[in-house]
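Keep the viewer open as you read.

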Amino acid sequence: MAIQVYVGNLSPQTTQGAIRRLFQSYGYITSVHLMADNAGRPCGFAFVTMDTYGAGKAITALHKKEVDGQNITVHIRLV
């Protein structure tokens with residue numbers, strides 16, 4: 001089963017590839033969506049869809065971790 005993880009407080013320099021590399025050691029990733037505004041500027045957050053077990057490990061390991069000079073927030077996306 002897959003679950004979406006919210007990743008917030010991202011630096012404008014953080015890329016989709018960097019997010020994928022950060023999460024890939026915790027489990028299988030289905031998709032990474034780095035959100036941008038209509039002008040293509042990063043919004044500072046992303047959604048990572050991955051397996052449930054991997055998501056739990058990633059949240060525990062990465063929440064408040066420094067990435068590109070920012071302490072990111074990582075938690076389950078609540079709909």
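This is a predicted model, and its largest nonpolar core has 18 residues. Val5, Val7, Phe23, Val48, Met50 and Val74 are the ones with the most contacts inside that core. At least two core residues come from each of S1, H1, S2, S3 and H2. The top contributor is H2, which gives 4 residues.

Leaving aside residues up to four places away in sequence, Val5 touches Phe23, Ala46, Phe47, Val48, Met50, Ala55, Ile59, Val74, His75 and Arg77. Val5 also has a bridge partner in S3, namely Val48.

**The sheet**

Now for the strands. What is the strand order in the open sheet? The 4 strands run S2-S3-S1-S6, with antiparallel pairing. Strand S2 (29-36) and strand S6 (73-76) sit at the edges, each pairing on one side only. From one strand to the next, the twist averages 20 degrees. In general, strands of a sheet pair through backbone hydrogen bonds, either parallel or antiparallel.

Strand S1 (residues 2-8) and strand S3 (residues 42-51) run antiparallel and are joined by 7 bridges. S2 and S3 are antiparallel as well, with 6 bridges between them. Here are some of the bridge partners to look up:

| Residue | Bridge partner in S3 |
|---|---|
| Val5 | Val48 |
| Tyr6 | Phe47 |
| Ala36 | Pro42 |

S2 and S3 form a hairpin, with 5 residues between the two strands. Gly40, in the turn, has a positive phi of about 90 degrees. While you're at this end, check out the salt bridge: the structure holds 1. Asp37 and Arg41 make it, and their closest N and O atoms are 2.9 Å apart. Asp37 counts as partly exposed because its relative accessibility is 26%, whereas Arg41, at 53% relative accessibility, counts as exposed.

Helix H1 (residues 16-24) lies across S1, S2, S3 and S6, and runs at about 145 degrees to S2. H2 packs on the sheet too, touching S1, S3 and S6, with its direction at about 135 degrees to that of S3.

Which residues of H2 are buried? They are Gly54, Ala55, Ala58, Ile59 and Leu62. Because they cover an arc of only 135 degrees around the axis, they end up on the same side of H2. The buried residues of H2 pack against S1, H1, S3 and S6.

Is Ala55 buried or exposed? Ala55 is buried, because its relative accessible area is 1%, and the cut-off for buried is under 20%. Not counting residues up to four places away in sequence, Ala55 touches Ile3, Val5 and Met50.

**Two loop residues with positive phi**

Finish with the loops. Asn9 is found in the loop between S1 and H1. Its phi is near 60 degrees, a positive value in a residue other than glycine. Asn9 is partly exposed, with a relative accessible area of 39%.

Lys64 is the other one to check. Lys64 follows H2 and lies in the loop between H2 and strand S4 (66-67). Lys64 isn't a glycine either, and its phi is positive, near 75 degrees. How exposed is Lys64? With a relative accessibility of 57%, Lys64 counts as exposed.

Definitions and conventions. Residues numbered from 1 in each chain as written. Predicted model: local features only at pLDDT ≥ 70, side-chain atom pairs only at ≥ 80, totals over all residues. Heavy atoms only, no water. Buried < 20%, exposed > 50% of the residue type's maximum accessible area, 1.4 Å probe, protein only. Contact = heavy atoms within 4.5 Å. Pairing = 2+ DSSP bridges. Axes fitted to C-alpha atoms, helices over the stretch in contact; angles between N-to-C directions. Arc of directions from axis to C-beta. Salt bridge = Lys/Arg side-chain N within 4 Å of Asp/Glu carboxyl O. Core = buried A, V, L, I, M, F, W, Y, C linked by side-chain atoms within 4.5 Å.
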